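Subject: Structure handover

Hello,

Here is the structure I promised to pass on. Please open it alongside this email; my notes follow below.

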Amino acid sequence: MADPHQDPFNPLRAQLRSVRKTRDIGTVAALARSHLDVTGLQSAVAIGDRLRIGDAIHGEVLSIGQGFCRVMADGSTAGLRLGMSAVNLGSPMIAPCDGWRGRIIDPYCSAMHDRPLPLGTVPRAISSAPPPP
């Protein structure tokens, strides 16, 4: 039986609190096989932030320079074009809970099998220290 003091909507409320009202958008200014440079976001991103380039490609901010940030694409940069938009998705957040024990997740915190991961009530940056055992 569920704990009557546990609000079943807490995970959803935690997720809604993390939603940003606006997104910072930059422009792809240079392309290479292993990375791309984006202008217009250098003052809005941090190393490790995630970007969405165009409609489907995602990447991670590796470095920030004067006038640009360097991004490693999750997949091939083939098909990307100069001038495409790059949207700052911010730092990856996770909300682990006891339901994650024994589960296998990929580097993007998605389940590696057919069941979705339950949401915990405390979102935290993916780069934060692990919770106590």
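First, a term: helices (H or I, at least four residues) and strands (E, at least two) are DSSP runs, numbered from the N terminus. N10 sits in helix α1 (residues 10-17).

Two points on the source. This is a predicted model, in which local features need pLDDT of at least 70, side-chain atom pairs count only at pLDDT 80 or more, and totals for chains, interfaces and linings use all residues. Residues are numbered from 1 along each chain as its sequence is written, and side-chain values use heavy atoms, with hydrogens and water left out.

Overall picture

From the N terminus on, the order is α-β-β-β-β-β-β-β-β. The C-alpha trace spans about 55 × 30 × 25 Å along its principal axes. Of the 133 residues, 24% count as buried. Buried means under 20% relative accessible area, exposed means over 50%, and partly exposed is in between (1.4 Å probe, protein chains only).

The protein exposes about 8900 Å², and carbon and sulfur atoms supply 57% of that area. Accessible areas come from the Shrake-Rupley method with a 1.4 Å probe; for residues, only the protein chains shown count as cover.

The barrel

Six strands make a closed barrel, in the order β1-β2-β5-β4-β3-β6, with antiparallel pairing. The twist averages 45° from one strand to the next. Axes here are lines fitted to C-alpha atoms (for helices, over the stretch in contact), and angles run from 0 to 180 degrees between N-to-C directions. Two strands pair if DSSP finds at least two bridges between them.

Here is the walk around it:

- β1 (residues 25-31) and β2 (residues 36-39): four bridges join β1 to β2, antiparallel. The two strands form a hairpin with four residues between them. L31 has L36 in β2 as its bridge partner.
- β2 and β5: three bridges, antiparallel. V38 stands opposite C69 in β5.
- β5 (residues 68-73) and β4: six bridges, antiparallel. I64 has C69 in β5 as its bridge partner. This hairpin has two residues between the strands, and G67 takes a positive phi near 95°.
- β4 (residues 57-65) and β3 (residues 50-53): four bridges, antiparallel. L51 has G59 in β4 as its bridge partner. This hairpin has three residues between the strands, and G54 takes a positive phi near 65°.
- β1 and β6 (residues 85-90): three bridges, antiparallel. T27 stands opposite S85 in β6.

Two residues to look at

Is D37 buried or exposed? D37 lies in strand β2. D37 counts as buried because its relative accessibility is 12%. Leaving aside neighbours within four places in sequence, D37 is in contact with T27, V28, A29, A30, F68, C69 and R70. Contact means heavy atoms within 4.5 Å.

Back to N10. At 27% relative accessibility, N10 counts as partly exposed. N10 and M93 are 83 residues apart along the chain, and their C-alpha atoms are separated by 16 Å.

Contacts and charge

Among contacts between residues at least 6 apart in sequence, 52% join residues at least 24 apart. The protein has 14 positive and 11 negative side chains, and the centres of the two sets lie 2 Å apart. Lys and Arg count as positive and Asp and Glu as negative; His and the chain ends are not counted. Each charge is placed at NZ of Lys, CZ of Arg, CG of Asp or CD of Glu.

Best wishes
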